[in-house]
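Here is a short report on one protein chain.

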Amino acid sequence: MSTVPLEKYGPWAAVTGVARPEGIGYGYARRLAGQGFNLVLIDICTDELHERAEELRSAHGVEVKAVDCDLGDPDFLDSLRPQTAEIDVGLLIANHYISPEGSPSVLEMDLAAHHRMLDVNARAYTTLVHHYGGRMAERGRGGIILTSSAAALLGAPYMGPYSANKAYQRNLAEALWSEIRPLGVDVLAVLPGAVNSQPEGALDHYPKWLVMEVDDLVSRAFGALGRKPVLLPGLANAAIGGIMVRLLPRSAALKLGARLSGGTRGARGGQ
Ligand SMILES: NC(=O)c1ccc[n+]([C@@H]2O[C@H](COP(=O)([O-])OP(=O)(O)OC[C@H]3O[C@@H](n4cnc5c(N)ncnc54)[C@H](OP(=O)(O)O)[C@@H]3O)[C@@H](O)[C@H]2O)c1
């Protein structure tokens with residue numbers, strides 16, 4: 001089971017999108033609390049967020065600050081900043097997201113919904129890395145993980161806004177990797193395929209060998225932080241990603257990606 005060094009990234013980590021018990025964010029938070037990290041947990045989902053915070057406090061005896069925050073509010077930093085002003089966040093895991101119901105095409109989706117997705121999935125990621133990453137660069141150590149997606153590799157039909165947002169996150173992480181790694185801050189974009197973080201049945205249309213467990217994903221991400229800029233976790237995911245990006249003509253890759261990602265009408269999940 002991979003861990004991350006407390007002395008390098010600790011004593012405080014911040015994780016966004018962490019309120020659901022089956023979710024990837026909570027998987028990260030559980031592992032970090034088990035290692036002795038104190039945690040800032042940030043989510044819009046208030047009641048569940050406070051339940052997760054209490055679980056981690058009582059199970060691991062660490063300090064946990066739960067921050068209710070709509071990361072899609074362009075001004076969210078005005079309320080988040082004072083709540084973590086006295087906390088030296090050394091590891092940021094940006095993981096929250098939204099995606100539309102019902103697999104609309106790019107043009108069918110309401111323009112306001114596009115803008116909301118950009119605010120939550122793109123703008124907030126930049127705000128978070130700018131704020132916390134800036135502080136890490138000043139102190140000369142830290143780590144940043146952005147949970148992107150294998151959907152970042154190509155624009156699958158009926159997943160256009162999501163895959164575009166995820167490509168934004170991946171490219172942001174890649175640029176940061178070059179820029180702040182020399183300052184002592186490790187950066188990693190994680191591009192999962194299907195992960196078992198969904199409600200029961202949501203991934204039934206995927207072959208079982210393609211679906212990764214949350215704990216496995218966390219182990220692989222922690223093992224890769226500081227070693228590489230981008231991780232496609234899991235052999236199957238990495239092989240499919242490699243084939244789609246390196247071997248296939250783009251049009252063939254787009255067709256394959258549409259089939260594998262469930263990016264067709266009526267088939268959701270595994271994003
Ligand atoms: N599961 C997969 O198969 C898979 C595959 C590839 C990539 N990923 C990525 O992995 C990450 C975590 O996914 P997950 O499956 O673990 O989903 P999840 O548990 O639903 O995590 C997302 C969390 O973000 C919260 N959130 C949504 N909008 C927010 C906002 N405006 N401000 C603050 N928090 C907000 C959600 O709250 P609400 O529940 O209230 O919306 C939810 O608690 C995402 O970035 C996703 O794109 C997942």
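## The largest pocket

The lining of the largest pocket divides into 13 nonpolar, 14 polar and 5 charged residues. Ala, Val, Leu, Ile, Met, Phe, Trp, Tyr, Cys and Pro count as nonpolar, Asp, Glu, Lys and Arg as charged, and the others, Gly among them, as polar. This is a predicted model: local features need pLDDT of at least 70, side-chain atom pairs count only at pLDDT 80 or more, and totals for chains, interfaces and linings use all residues. Residues are numbered from 1 along each chain as its sequence is written, and side-chain values use heavy atoms, with hydrogens and water left out.

The largest pocket holds about 580 Å³ of space. Of its 32 lining residues, Gly-17, Arg-20, Asn-95, His-96 and Tyr-97 are the closest to its centre. Helix H2 (24–35), helix H5 and helix H6 (160–180) each supply at least two residues of the lining. A pocket is found on a 1 Å grid over the protein atoms alone: it is an open set of points where a 1.4 Å probe fits, with protein on both sides within 12 Å along at least five of seven lines. Lining residues have an atom within 4 Å of a point. Grid points are joined across faces, edges and corners, and the volume is the space filled by probe spheres set on the points.

## Gly-17 at the pocket centre

Gly-17 is among the residues closest to the centre of the largest pocket. Gly-17 sits in the loop between strand E1 (12–16) and H2. Helices (H or I, at least four residues) and strands (E, at least two) are DSSP runs, numbered from the N terminus.

Which residues does Gly-17 contact, leaving aside its neighbours within four places in sequence? They are Gly-25, Ile-42, Asp-43, Asn-95 and His-96. Contact means heavy atoms within 4.5 Å. Gly-17 and Val-218 are 201 residues apart in sequence, yet 14 Å apart in space, C-alpha to C-alpha.

## Helix H4 and its two faces

Helix H4 covers residues 76–83, and its Phe-76, Leu-77 and Leu-80 are buried. They cover an arc of only 80 degrees around the axis, so they lie on the same side of H4. The arc is that of the directions from the helix axis to the C-beta atoms. Buried means under 20% relative accessible area, exposed over 50%, and partly exposed in between (1.4 Å probe, protein chains only). An α-helix has 3.6 residues a turn, so residues three or four places apart point the same way.

The buried residues of H4 pack against strand E2 (38–43), strand E3 (64–68) and helix H5 (111–139). The face turned away from the buried side carries exposed Asp-78 and Pro-82.

Helix H7 covers residues 214–224. Its buried residues are Val-214, Leu-217, Val-218, Ser-219, Ala-221, Phe-222 and Ala-224. Just after H7, Gly-226 takes a positive phi of about 90 degrees.

Asn-237 is in helix H8 (residues 235–247). Asn-237 is buried, with a relative accessible area of 12%. Beyond its neighbours within four places in sequence, Asn-237 is in contact with Ala-150, Leu-191, Pro-192, Gly-193 and Leu-232.

## Cysteines

How many disulfides are there? The count comes to 0, where a disulfide is a pair of cysteine sulfur atoms within 2.5 Å. Cys-45 is in no disulfide; its nearest cysteine sulfur, that of Cys-69, is 13 Å away. Cys-69 is likewise in no disulfide.

Cys-45 is partly exposed, at 30% relative accessibility. Cys-69 is buried, with a relative accessible area of 7%.

## Backbone features in loops

A cis peptide bond joins Gly-10 and Pro-11, with omega about 5 degrees. Pro-11 lies in the loop between helix H1 (6–9) and E1.

Ser-103 has phi near 50 degrees, a positive value in a residue other than glycine. Ser-103 lies in the loop between strand E4 (89–94) and H5, and is buried, with a relative accessible area of 1%. Tyr-158 has phi near 65 degrees, again positive in a residue other than glycine. Tyr-158 lies in the loop between strand E5 (142–147) and H6, and is partly exposed at 31%.
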